[in-house]
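Hi,

Here is the structure I promised to pass on. Have a look at it first, and my notes follow below.

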Amino acid sequence: MAANLVFVAAVETIGLFLFAVLFDVPIWHVLGALVGVIALATLGFIAVGTLFSAMVLRTRFAELMLPVLLLPFLMLPLRWAVQATSALLAARPLSEMMGSLKLLAAYDIVFVTLATLLFPSIVEE
Amino acid sequence: MSLVQKGRGITLVGLALLGGVYVRALAFTPVERLQGPAQKIYYLHVPAAIWTETAIIMVGLAGAFYLFLGDRRLDLFAQASAEVGTVFATIVLTTGPIWGKPIWGTWWTWDARLTSMLLLFFLYLGYLLMRGAVRDPALAARYGAVLGICGACLVPFIHFSVYFFPTLHPQPIVLKPSTPSLPGSMLTTFLSSFAVFTLLYVGFVTQRYAIGREKELGEAGSHA
C-alpha cells in the first residue's frame, strides 16, 4: 500500500504542477490545504485499490476487472475531493468544505482499517 | 416440500400481494396533490430502494461470517442476496426515471442520490462479474466475502452523503429521525408494500440459495 501511495503521490505532484501552470490557477497561497485535501482523498482509494488489485490478480480479465470493481469506491471520494478543492480555490469559508472533509476522513478511516484487516484473507492460500 | 418449492411459494404469494398493494395504491389511496398519479410509483420505488441497500448489507454480513466460520451456506446466501439486490437495484433505476420524467421533466440527471444508486448497481455488477471470473469456488467465496464487506461499508456513505449536498431528489419522508410525514392512508399502503418486498426478498433468496445448494450437493455427489 505504501508503494502505491508513493507512486500516486508522485503522479499527483506532477499533475498539480501542470494544472497550476497550464490553467494559470494561483494555488500557492492554498498549497498546504490543497495537499491536505489531495492526501485525504488519495489515502482511502489507495487502500481499496491495493486490496482489489491483489484480489484481481487471480481472476480472469484482471485488467478489466480492477476498474469495474473500483469505480463505485472511487467516485465518492473523488466527488468530495472535487467539492472541497473547488471551495478551497474559490476562497470559500472552511464551513463550506467541512462536509466533504469529514466524509473523506471517515472514508479513509473505514477503508484503511478494512483493507488492513481483510488483506490476509486475499493472499492466504 | 423442498426448499426451492418453499421459496417459489413465498415468491408467488409475494407477487400476488404486490398486485393487491397496487390495487390499494391506485384505487383506495388518495392522489398526491402536487405530483398527481406519478407519485403512485413511490410504493414500488422506495421499498425496492430500501431492499437494494439492505441486500448488500446482508452480503457483507454473510461475507464476514463466512471468513470466520468458512461455512459454504453463508457464501451461497451472500451470492443469492447479491443477485436479488441487483434485481431490486434495476427496479429502482427503472422506476426512478419513469417518475422523474413527468415531475422533473427529464429521465435522468447526475444528481447525488441518483448517481449513488447507479454506483450501488455497479457495485452489484462488479460483485457478480468477479464471482464469475474466479475458477476456484473457495477462492471466489473468499473474494466475494471481501468485496461484500467493502460494499456493505460503502452503503452508509452512499446513503448519507446526499444529506451533505444539495439534491433534486425528495428527502426521505418515512425513514428519517422524526416521525413519518406521510398521511395515514399513504403510510399504510407504503408499509404494506414494504412488507410485500420483504416477502419477495425472502422468496427470491430462498429459491436462489436452494438451487445453489442443490447444484453443489449434486457436484459433490458426482465427484464421490
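**The core and the interface**

The largest nonpolar core in this predicted model has 82 residues, and A:V48 and B:V146 are those with the most contacts inside it. Helix α2 of chain B, residues 42–69, gives the most to this core, with 14 residues.

Next, the place where the chains meet. Here 21 residues of chain B are in contact with 22 residues of chain A. On the chain B side, the elements that give two or more residues are α4 (112–133) and α5. The largest share of that side comes from α5(B), with twelve residues. By type, the chain B side divides into 18 nonpolar residues, two polar and one charged.

I also looked at α4(B) by itself. This helix has 22 residues and reaches 31 Å from its first C-alpha to its last, close to the 32 Å expected at 1.5 Å a residue. Its buried residues are B:R113, B:L114, B:S116, B:M117, B:L120, B:L123, B:Y124, B:G126, B:Y127, B:M130 and B:R131.

A:Y107 is found in helix α4 of chain A, which covers residues 94–123. Is A:Y107 buried or exposed? A:Y107 counts as buried, because it has 25 C-beta neighbours inside 10 Å and 20 or more are enough for that label. Leaving aside neighbours within four places in sequence, A:Y107 is in contact with A:G44, A:L76 and A:P77, and also with B:F157 from the other chain. A:L76 is 31 residues from A:Y107 along the chain, and their C-alpha atoms are separated by 9.1 Å.

B:L139 is found in helix α5 of chain B, residues 137–164. B:L139 is partly exposed, with 15 other C-beta atoms within 10 Å. Not counting residues up to four places away in sequence, B:L139 touches A:R58 and B:V134. B:L139 and B:F68 are 71 residues apart in sequence and 15 Å apart in space, C-alpha to C-alpha.

Happy to go through any of this with you.

Best wishes

Definitions and conventions
Residues numbered from 1 in each chain as written. Chains lettered and ligands numbered in written order. Predicted model: local features only at pLDDT ≥ 70, side-chain atom pairs only at ≥ 80, totals over all residues. Helix = DSSP H or I, 4+ residues; strand = E, 2+ residues; numbered from the N terminus. Buried ≥ 20, exposed ≤ 12 C-beta atoms within 10 Å, placed from the backbone. Contact = placed C-beta atoms within 7 Å. Nonpolar A, V, L, I, M, F, W, Y, C, P; charged D, E, K, R; others polar. Expected span 1.5 Å × (residues − 1). Core = buried A, V, L, I, M, F, W, Y, C linked by C-beta atoms within 7 Å.
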